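Hi! Here is the structure I promised to pass on to you. Have a look at it first, and then read my notes below.

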Amino acid sequence: MTDYGRDLLFGTFVTPTAAQADAVVALARLAARSGLDLVTFQDHPYQPRFLDAWTLLSWVAARTERVRLAPNVLNLPLRQPTVIARSAASLDILSGGRVELGLGAGAFWDAIEASGGRRLRPGQAVGALEEAIAVIREVWASDRPGGVRVRGEWYTVDGAQRGPAPLHSSGIWLGAYTPRMLALTGRAADGWIASLGFLPGGPAGLAALNARIDDGAAEAGRDPGSIRRLLNVGGAFTPSAEGLLRGPPGRGPPALSPRPIKGAECRRIYRVDPLYRRHSADSAILGAANGAV
């Protein structure tokens, strides 16, 4: 697999369980105090068991000082692109330049539709995401003259004021698996977020998926090395070794040690579920395949 020249970094991915809100925040703060690089939270606005992603990110930003923050990934169908742009930029400003924007085309369409969102077919969702990226980048381009004008099939913005711009160059990272989504990542995004359990072919499929992103970037005249590669890896602490990332902590199998997965020379971000007080607590790793932040 291509070496994109990124350094190895670490972080955490905490399940935002509303019933254990104190534990969620405590784990995020522990990650920051431990010197990890990134804290992320999943976003499922239709899921009442979870805390709202933006509210949680804002709360954690106020209680940390250095660690970077990102949704993993934000649900686009239930969030308006201009509002996403201003929310992300505002939190980046308030946090001192520590926010990245993980963004997804949508899943769980029954729940999205039940919550007032529109149901889209896969191809439509990709097109809507590409339009949303254009809107977000235009809103962030506060130094350009005139208002934001994007006329698309799914989103139309006609003269909205620009800004604010993020304090730092916030990246747009896409959750992507299909050929069209991977091509869009290469063409228009700053990073790729995937989960090992959903990869076609598992870890062995990483090279082919990265190649699709590289091809999309090259066709758009972009440097493939400028696109970050992040990988969510799930596992569990168990009494004995049971396979990839399943085994006892500390003295567990090599798969539980902080080393790259083959085909993913990566930054890793350890995730601990809020049920960490139980011995059966789930654990996971979020790695960035050649995708240091």
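**What I found**

The side chain of Asp-214 makes a polar contact with the side chain of Tyr-4, at 2.5 Å. (A polar contact is a pair of N or O atoms within 3.5 Å; within protein, one must be able to donate a hydrogen and the other to accept it, and residues adjacent in sequence count only if both atoms are side-chain atoms.)

Before you go on, keep in mind that this is a predicted model, where local features need pLDDT of at least 70 and side-chain atom pairs count only at pLDDT 80 or more, while totals for chains, interfaces and linings use all residues. Residues are numbered from 1 along each chain as its sequence is written, and side-chain values use heavy atoms, with hydrogens and water left out.

Asp-214 sits in helix α7. Helices (H or I, at least four residues) and strands (E, at least two) are DSSP runs, numbered from the N terminus. With a relative accessible area of 14%, Asp-214 is buried; buried means under 20% relative accessible area, exposed over 50%, and partly exposed in between (1.4 Å probe, protein chains only).

So which residues does Asp-214 touch, leaving aside its neighbours within four places in sequence? They are Thr-2, Tyr-4, Pro-224 and Arg-229, where contact means heavy atoms within 4.5 Å.

Arg-229 belongs to strand β10. Is Arg-229 buried or exposed? Arg-229 counts as buried, at 0% relative accessibility. Its side chain makes a polar contact with the side chain of Asn-210 at 2.8 Å, and the Arg-229 side chain also reaches the backbone oxygen of Pro-224 at 2.7 Å.

**Helix α7**

Helix α7 covers residues 206–219, 14 residues in all, and spans 20 Å from its first C-alpha to its last. That is close to the 20 Å expected at 1.5 Å a residue (the expected span is 1.5 Å times one less than the number of residues).

Its buried residues are Leu-206, Leu-209, Asn-210, Ile-213, Asp-214, Gly-216 and Ala-217. They cover an arc of only 160 degrees around the axis, so they lie on the same side of α7; the arc is that of the directions from the helix axis to the C-beta atoms. What do these buried residues of α7 pack against? Their partners are α6 (179–188), β9 and β10. After α7 comes Gly-221, which has a positive phi near 75 degrees.

**Strand β10 and its partners**

Seven of the ten residues of β10 (228–237) are buried, so this strand is largely enclosed by the rest of the structure. Strand β9 (191–195) runs parallel to β10 and is joined to it by five bridges, with Ile-193 opposite Leu-230. Two bridges join β10 to β11 (246–247), again in parallel, and there Ala-236 has Arg-246 as its bridge partner. Two strands pair if DSSP finds at least two bridges between them.

**The open sheet**

Three strands also form an open sheet with parallel pairing, in the order β1-β2-β3. β1 (11–13) and β3 (68–71) are at the edges with a single partner strand each, so one side of each has no neighbour in the sheet. From one strand to the next, the twist averages 15 degrees. Three bridges link β1 to β2 (38–41), and Gly-11 stands opposite Leu-38.

Methods: Axes are lines fitted to C-alpha atoms, for helices over the stretch in contact, and angles run from 0 to 180 degrees between N-to-C directions.
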